[in-house]
Amino acid sequence: MVDLPPFTILFFLGLPALAAQIGPGTRPGNGYVDSKLCATCHREIAANYARTGMGRSFFAPGTGNTIEDYAKTPEYYHALSDSHYSMTVRNGQYFQRRWQLDAGGNEINAEEVKIDYVMGSGNHARSYLHRTERGMLIELPLGWYPDKGGGWGMVPGSDTQHPQTRRFVSYKCMFCHDGYPNIPAANQAPGSEPVFLGELPEGIDCQRCHGPGGEHVRTAGRVSMVNPAKLSPERRMEVCMQCHLETTSGRIPAALQRFDRGTFSYMPGQPLIDFAISFDHAPGTGHEGKFEAVSSVYRLRQSRCFLESGGKLECATCHDPHRIPRGEEAVGQYSGVCVRCHSSAHPAGVTTTAADCITCHMPKRRVDDAPHVIMTDHRIQRRAAAGALLEFGELPAEEYRGEVVPYYPAPLPETPQNALYCAVAQVGLGNNVASGLPELVRLIDEIKPPEPEFYMVLGDGWKSAGNPGEAAAAYQIGRAHV
């Protein structure tokens, strides 16, 4: 067990979850429902959506959703940990097996674990989860990638000398990879174990973008759900940003969820700032060009097209979340959006691929933070980055030490609460303790927030600064606020 400071545990496990309950601002009884009910009235939309990546984001494995070739590669050897893996199917059940060999070639440290769920549509990657008797989910070390025709590889974070075999899936992780699970009431407290009850939903469902459907179903559609098309451009784009905006997967608090909000409490149409604040590396620290797996909105917002559109260019300009085109249809649809503004983009005499803007200006690239993953770069550029599909090289563990700056919303409104979260961002994961700790001390003394997490972060800061007495006092105050 790794000895982590309290806030680090909270950050990686996720904050309190309020799944399947009434969220802030909803009317009594308007809870989340089984998304299968949506298909009874919206059959065509549901059928199209089920074929999208979001609709196939999480599921129990079976012959109907298997794209991997389990028989083709009976063994995968991971040299860094000197471990062997295999993926097998027996009697309709799926298993991942791990073992090592001793000096005589005999198997040692063997373990076989049943695969209960698959996370990932397979468009970019898949990982495999085992559900424990207590209802917790464990991500297994070996994953699958479609790169080069498809093959096995270690999941991000497991390509090490000692891959974790008990890597628990947090509520925060499930927030963007599945629908709304049922969670024990007792596990809504900060730092609780991520336990899931009953049958888990399969795939990100309609309510992620349209809000809870309890009243809509109960009144046979007389009570409307959220229609993102009728929201302001800012609120509409935030529906996508709740999951598709990640400034970095590096060790900084890229998104600070407000301590008085549950993990599943955000609803479309609400200002995203009421739920979370996004942070980034400070400018000039060498992180401006990063291209990571969940960076689509982050990269789009760097584009000149976006910056000069006056809010007219957004995710929904190109993407219909209910239906994802593929192949030539996709090229035609996305390039058709470009030519609305750039009908004469190329001067006379310049040869271009007919009706294909995307290949050159939004190319597919290998991401910086995950092996084998290739994604579209949503930063629209005149010239594609050179060497975009070069092989992934395992990056050294980054321990960023520097200022963490607010990224979204920008500018961040100047309120005492927002200032408090900015101080938390400096101290919480140890990025900028020397500058952030005095400000955090001042603001906590001034505001006296009721949420215990602020005091736990303060304790972490004092501990990092080498003052165990002040750390203990802060932790004690935090425990008193629970």
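Ala-220 counts as exposed, at 67% relative accessibility. Here buried means under 20% relative accessible area, exposed means over 50%, and partly exposed lies in between, with a 1.4 Å probe and protein chains only. Ala-220 sits in the loop between α5 (214–218) and α6 (233–244). Its phi is positive, about 55 degrees, although Ala-220 is not a glycine.

This is a predicted model, in which local features need pLDDT of at least 70, side-chain atom pairs count only at pLDDT 80 or more, and totals for chains, interfaces and linings use all residues. Residues are numbered from 1 along each chain as its sequence is written, and side-chain values use heavy atoms, with hydrogens and water left out.

Helices and strands are DSSP runs numbered from the N terminus: helices are H or I with at least four residues, strands are E with at least two.

**Backbone details**

Asn-109 also has a positive phi of about 55 degrees, and Asn-109 is not a glycine. Asn-109 belongs to strand β5. With a relative accessible area of 45%, Asn-109 is partly exposed.

Two cis peptide bonds come next. One runs from Tyr-408 to Pro-409, with omega near 0 degrees. Pro-409 lies in the loop between β16 (404–408) and α12 (416–427). Another joins Ala-410 and Pro-411, with omega about -5 degrees. Pro-411 is found in the loop between β16 and α12.

**The sheets**

Strands of a sheet pair through backbone hydrogen bonds, either parallel or antiparallel. Two strands count as paired if DSSP finds at least two bridges between them.

An open sheet of four strands runs in the order β2-β3-β4-β5, with antiparallel pairing. β2 (76–78) and β5 (107–115) stand at the edges; each has a single partner strand, so one side of each is left without a neighbour in the sheet. On average, neighbouring strands of this sheet are turned by 20 degrees against each other, direction ignored. Strand β4 (residues 93–101) pairs with β5 over seven bridges, in the antiparallel sense. Phe-95 has Lys-114 as its bridge partner in β5.

An open sheet of five strands has the order β1-β6-β7-β8-β11, again with antiparallel pairing. Its edges are β1 (58–59) and β11 (167–168); each has a single partner strand, so one side of each lacks a neighbour in the sheet. Strand β8 (residues 137–139) runs antiparallel to β11, joined by two bridges. Ile-138 has Phe-168 as its bridge partner in β11.

Ala-125 lies in the loop between β6 (117–119) and β7 (127–131). Ala-125 is partly exposed, with a relative accessible area of 25%. Ala-125 and His-372 are 247 residues apart in sequence, yet 8.3 Å apart in space, C-alpha to C-alpha.

Helix α13 (residues 433–447) has 15 residues and reaches 20 Å from its first C-alpha to its last, close to the 21 Å expected at 1.5 Å a residue. The expected span is 1.5 Å times one less than the number of residues. The buried residues of α13 are Val-433, Gly-436, Leu-437, Leu-440, Leu-443 and Ile-444. They cover an arc of only 140 degrees around the axis, which puts them on the same side of α13. The arc is that of the directions from the helix axis to the C-beta atoms. The face turned away from the buried side carries the exposed residues Ala-434, Ser-435, Pro-438 and Asp-445.

An α-helix has 3.6 residues a turn, so residues three or four places apart point the same way.

Helix α15 (residues 468–481) has 14 residues that should span 20 Å at 1.5 Å a residue; its end C-alpha atoms are 20 Å apart, which agrees. Its buried residues are Ala-471, Ala-474, Tyr-475 and Gly-478. They cover an arc of only 100 degrees around the axis, which puts them on the same side of α15.

Helix α14 (residues 452–464) packs against α15. The table gives the geometry of two helix pairs.

| Helix pair | Angle | Axis distance |
|---|---|---|
| α14 and α15 | about 170 degrees | 8 Å apart |
| α13 and α14 | roughly 140 degrees | within 10 Å |

Axes are lines fitted to C-alpha atoms, for helices over the stretch in contact, and angles run from 0 to 180 degrees between N-to-C directions.The angle makes α14 roughly antiparallel to α15, while α13 is oblique to α14. Angles under 35 degrees count as roughly parallel, over 145 as roughly antiparallel, 65 to 115 as roughly perpendicular, and the rest as oblique. α14 passes α15 in a left-handed crossing. The crossing of α13 and α14 is left-handed. A crossing is left-handed if the near helix is turned anticlockwise from the far one by less than a right angle, and right-handed if clockwise.
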